[in-house]
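The model and its sequence come first.

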Amino acid sequence: MVDDDERAAILDHRRRGESIRTSAAGVKVSIGVVHKTLADTKEGIGAAPQR
């Protein structure tokens with residue numbers, strides 16, 4: 001389970017177009033946590049990063 005700050009950081013990494021692996025390393029959580037967090041949001045795993 002991620003807290004609100006970690007969730008926000010994961011989503012920020014995704015908006016910047018970073019990979020799940022890079023996001024996980026940056027937030028210091030597992031790849032699975034990042035994957036699940038993204039899957040549970042409308043921004044999602046397959047969503048194109050905003051530029």
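Contact here means heavy atoms within 4.5 Å. The model is predicted.

**Overall make-up**

The chain has three helices and zero strands, in the order α-α-α from the N terminus. Of its 51 residues, 31% are buried. Among contacts between residues at least 6 apart in sequence, 48% join residues at least 24 apart. The chain exposes about 3600 Å², and carbon and sulfur atoms supply 51% of that area.

**Helix α3**

Helix α3 spans residues 31–39, and its residues Val 34, Thr 37 and Leu 38 are buried. They lie on the same side of α3 because they cover an arc of only 95° around the axis.

**Contact of α1 with α3**

The axes of α1 and α3 come within 10 Å and cross at roughly 80°. Helix α1 is therefore roughly perpendicular to α3, since angles of 65 to 115 degrees count as such. The residues that make this contact are listed by helix.

| Helix | Residues in the contact |
|---|---|
| α1 | Arg 7, Ile 10, Leu 11 and Arg 14 |
| α3 | Val 34, Thr 37 and Leu 38 |

By class, the residues of the contact of α1 with α3 divide into four nonpolar, one polar and two charged. On the α3 side, the contact is made by Val 34, Thr 37 and Leu 38, and these residues are buried.

Notes. Residues numbered from 1 in each chain as written. Predicted model: local features only at pLDDT ≥ 70, side-chain atom pairs only at ≥ 80, totals over all residues. Heavy atoms only, no water. Buried < 20%, exposed > 50% of the residue type's maximum accessible area, 1.4 Å probe, protein only. Helix = DSSP H or I, 4+ residues; strand = E, 2+ residues; numbered from the N terminus. Arc of directions from axis to C-beta. Areas by Shrake-Rupley, 256 points an atom, 1.4 Å probe, with all protein chains shown as cover. Axes fitted to C-alpha atoms, helices over the stretch in contact; angles between N-to-C directions. Parallel < 35°, antiparallel > 145°, perpendicular 65-115°, else oblique. Nonpolar A, V, L, I, M, F, W, Y, C, P; charged D, E, K, R; others polar.
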